[in-house]
Amino acid sequence: MKIKRQHIFLVIFILLIGVIVFIIFKNTGILGLKGSSDSGYGIAKPDYLMIPIPKINKIKTVVDNPKFKEMKYIKEFFEPVEVELTGKANPFFPFRPDKDIEIEE
């Protein structure tokens, strides 16, 4: 049986593709292909994200508890953030005159 030259090249090509695919799957963690796009080695999740969310029946039991209803509102947990225009304009933004202002010729 005579092996053709084309078959040898085909086998080498398939082996090369297989090795490349194996290397990619082996190093998916290093390449950053696993996980969400905003996760990384320097980003740590807070502890409350590690705990599973309780079932609705357990939440309902806590809310219906008379001690929970006796709790008093003291202050807001999060203070509202007010957005203000501060700083100077972006120097790289292209200059566009306002539409209301007409240029005299």
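Buried residues (under 20% relative accessible area, with a 1.4 Å probe and protein chains only) make up 1% of the 105 residues in the chain. The accessible surface, computed by the Shrake-Rupley method with a 1.4 Å probe, comes to about 12300 Å², and 65% of that belongs to carbon and sulfur atoms.

The model is predicted: local features need pLDDT of at least 70, and side-chain atom pairs count only at pLDDT 80 or more, while totals for chains, interfaces and linings use all residues. Residues are numbered from 1 along each chain as its sequence is written, and side-chain values use heavy atoms, with hydrogens and water left out.

Turning to the fold, the chain has five helices and zero strands (DSSP runs: H or I of at least four residues for helices, E of at least two for strands). The predictor's confidence in each residue, pLDDT, runs from 0 to 100; its mean over the chain is 76, and 70% of the residues reach 70 or more. Confidence is highest in α1, at a mean of 92, and lowest in helix α2 (residues 28-31), at 66.

Notes. Buried < 20%, exposed > 50% of the residue type's maximum accessible area, 1.4 Å probe, protein only.
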